Each structure stands twice: as structure tokens, then as C-alpha cells.
Amino acid sequence: MSQDFRFILPLPQASAEVLEAHQLAQDFRREVYHREALEQYCQWYYATAKKHQQELVRMRSDFNFLNWFYRKLR
């Protein structure tokens, strides 16, 4: 009778192989998540740095009120 069910039931796999495959899949997903997060952070950082550089150029071209007040005090 057990010979009749051998084609219906899947063969048992070694539990260590299943756990290794599962751990490998989790590690891969974690690595992909961290790389994507790093890429997003780098894009944000470069965009923010560019914005700050543009603001610095504008600030350097503004009139310096502080020097004007210091000249009045002297």
C-alpha cells in the first residue's frame, strides 16, 4: 500500500538544505534593501549639497549688512 502513495507525496528534503536556502534568500533581500537605502541616501545627500552650494553662491552675492553696521560704529 505504501508503494501507491510514493508518487503522490513529495520526497522529504533535508531540513538543513531548506534552512540554508531560506537563510540565503533572507540575506539576499536584506542586502538588496540596504543597497537601495544607501543609493537613496546618496541621491538625497548630493541633491542637498548642490542646493547648499547654490545658496552659498547667492549669499556671497548679497549685500553684507554686518559690515555696513560695523563701519557705522567705528
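The model is a predicted one, in which local features need pLDDT of at least 70 and side-chain atom pairs count only at pLDDT 80 or more, while totals for chains, interfaces and linings use all residues. Residues are numbered from 1 along each chain as its sequence is written, and side-chain values use heavy atoms, with hydrogens and water left out.

The side chain of R30 meets that of D27 in a salt bridge, at 3.1 Å from N to O. The term denotes a side-chain nitrogen of Lys or Arg within 4 Å of a carboxyl oxygen of Asp or Glu. D27 and R30 stand three residues apart in helix 2 (residues 15-61), so about one helical turn separates them. D27 is partly exposed, its relative accessible area being 33%.

By this rule the count is two salt bridges. In the other pair, R35 and E31, the closest N and O atoms are 2.7 Å apart. Both residues belong to helix 2 and are four residues apart, about one turn of the helix. R35 is exposed, with a relative accessible area of 58%, whereas E31 is partly exposed at 40%.

A pair of aromatic rings is described by the distance of the centres and the angle of the planes. Rings of Phe, Tyr and Trp (its six-membered ring) pair if their centres lie within 6.5 Å; planes under 30 degrees apart count as stacked, over 60 as edge-to-face and the rest as tilted. The count by this rule is three aromatic pairs. One of them is the tilted pair of Y41 and Y45, with 6.1 Å from centre to centre and 35 degrees between the planes. Y41 and Y45 lie in helix 2, four residues apart, about one turn of the helix. Y41 is partly exposed, with a relative accessible area of 46%, and for Y45, also partly exposed, the value is 46%. The rings of Y45 and Y46 have centres 6.2 Å apart and planes at 75 degrees, so this pair is edge-to-face. Y46 is exposed, with a relative accessible area of 59%.

Ring pairs link Y41, W44, Y45 and Y46 into a cluster, and W44 is found in helix 2.

## The chain as a whole

The secondary structure comprises three helices and zero strands, and the elements run α-α-α from the N terminus on. Helices (H or I, at least four residues) and strands (E, at least two) are DSSP runs, numbered from the N terminus. Of the 74 residues of the chain, 0% count as buried. The chain exposes about 8,000 Å², of which carbon and sulfur atoms supply 60%; accessible areas come from the Shrake-Rupley method with a 1.4 Å probe, and for residues only the protein chains shown count as cover.

## Confidence of the prediction

The predictor's confidence in each residue is given as pLDDT, from 0 to 100. Its mean over the chain is 85, and 78% of the residues reach 70 or more. Confidence is lowest in helix 1 (residues 2-5), at a mean of 60, and highest in helix 2, at 95. Where pLDDT is low, the predicted coordinates should not be read in detail.

Terms used
Buried means under 20% relative accessible area, exposed over 50%, partly exposed in between (1.4 Å probe, protein chains only).
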